[in-house]
Amino acid sequence: MKNGRDPAYSTYAVSLCFDDGATQSVKAVQERLAQICGNNFLIEHSVPPHVTLGVFHAEPGALSALQNAFDGFAKSARDVLGGQGLDLEFGGADCFLNKVVFLALKKDSPSFASLKTLNEILHKKFLPLFEAGDNRNYLPERWLPHAALAVKLSPAQFEKCAPLLGLSSAQGGGDSFGLATDFVLPQSGRVAALSLALCKPYKEICRAEF
C-alpha cells in the first residue's frame with residue numbers, strides 16, 4: 001500500500017479520547033480561545049479534545065485493513081494499560097511555531113511513559129501497512145504528546161491568545177511565562193477510549209473503549 005500511492009489517498013488518525021469530564025474541561029478552553037482570537041477551526045469541524053498517537057496515509061479501499069489494524073492495536077493498548085483507562089497530567093500550555101497552541105503532558109509523569117509505549121506499538125503495527133502522515137511528526141523519535149487547544153492560527157490570532165496561556169510571541173516551543181490570572185487550564189484528564197478517524201473532513205470511523 002505504501003508504494004505508488006494514489007493521489008486520492010486519505011489521511012487517518014489514531015487518537016486517545018477523554019472521558020466526559022476532561023472533554024468538557026478542554027473544550028471550555030478551546031471555546032474561550034476561539035471567542036478571543038476568532039479561530040474556531042476545532043469547534044467548527046467538530047473535532048473532540050484528544051491526544052493523537054499517530055497519523056497515516058491510506059489508499060482508496062484500505063479502510064477494512066485500517067480497521068483490522070486498529071482492532072489489533074486496541075487489544076495491545078488494553079494489555080499495556082491493564083484494561084483500564086489512563087490518567088494524564090498536563091504541564092501547562094505550549095505551542096508549535098506559533099500556529100498551534102496545546103496542553104503539554106508532564107514528561108516526568110508515569111502516564112507520559114505509557115503514552116510513549118502506545119505510540120511505539122502503534123507504529124510497529126501500522127507502518128508495515130500504511131505510510132506515516134503529517135510530515136512524520138508522530139513517529140516515536142519525533143513525537144511530542146499534546147492536546148490541541150487551537151490550530152491553524154494566523155500571527156494575529158496567536159498574538160491574541162498567547163498572553164492568556166503564558167506564551168511569548170517569539171516562543172515557538174520554548175519557555176513559558178505567567179498564565180493569565182483569570183484563565184484556568186486543566187491539570188489532568190482521563191483517557192477513556194481509542195479512536196480511528198478520517199482527518200479531512202474529521203469523521204470518526206470506529207472507537208474502542210477502555
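Contact is taken here to mean heavy atoms within 4.5 Å. On that basis, among contacts in the protein chain between residues at least 6 apart in sequence, 76% join residues at least 24 apart. The structure is a predicted model, in which local features need pLDDT of at least 70 and side-chain atom pairs count only at pLDDT 80 or more, whereas totals for chains, interfaces and linings use all residues. Residues are numbered from 1 along each chain as its sequence is written, and side-chain values use heavy atoms, with hydrogens and water left out.

The secondary structure of the protein chain comes to five helices and eight strands, where helices (H or I, at least four residues) and strands (E, at least two) are DSSP runs numbered from the N terminus. Along the sequence these elements follow the pattern β-α-α-β-α-β-β-α-β-β-α-β-β. Of the 210 residues of the protein chain, 47% count as buried; buried means under 20% relative accessible area, exposed over 50% and partly exposed in between, with a 1.4 Å probe and protein chains only.

Helix H4 spans residues 110-126, and its 17 residues reach 25 Å from the first C-alpha to the last, close to the 24 Å expected at 1.5 Å a residue (the expected span being 1.5 Å times one less than the number of residues). The buried residues of H4 are Ser111, Phe112, Leu115, Leu118, Asn119, Leu122, His123 and Phe126. They cover an arc of only 130 degrees around the axis, which puts them on the same side of H4, the arc being that of the directions from the helix axis to the C-beta atoms. On the face turned away from this buried side, H4 carries the exposed residues Pro110 and Lys124. The cover over the buried residues of H4 includes strands S1 (10-18), S2 (50-58), S3 (86-96) and S4 (100-105), together with helix H3 (63-80).

Val80 lies in helix H3 and is partly exposed, with a relative accessible area of 35%. Leaving aside neighbours within four places in sequence, Val80 is in contact with Thr117, Leu118 and Ile121; Val80 and Ile121 are 41 residues apart in sequence and 9.8 Å apart in space, C-alpha to C-alpha. In the loop between S4 and H4 is found Ser109, which counts as buried at 6% relative accessibility. The side chain of Ser109 makes a polar contact of 3.1 Å with the side chain of Ser111; a polar contact is a pair of N or O atoms within 3.5 Å, of which, within protein, one must be able to donate a hydrogen and the other to accept it, and residues adjacent in sequence count only if both atoms are side-chain atoms.

His50, in strand S2, is buried with a relative accessible area of 18%. The His50 side chain reaches the backbone oxygen of Pro48 at 2.7 Å, and a polar contact of 3.1 Å joins the side chains of His50 and Thr52. Leaving aside neighbours within four places in sequence, His50 is in contact with Ser15, Leu16, Phe18, His146, Ala147 and Ala148.

The structure holds four aromatic pairs. The rings of Phe126 and Phe130 have their centres 5.6 Å apart and their planes at 50 degrees, so the pair is tilted; rings of Phe, Tyr and Trp (its six-membered ring) pair if their centres lie within 6.5 Å, with planes under 30 degrees apart counted as stacked, over 60 as edge-to-face and the rest as tilted.
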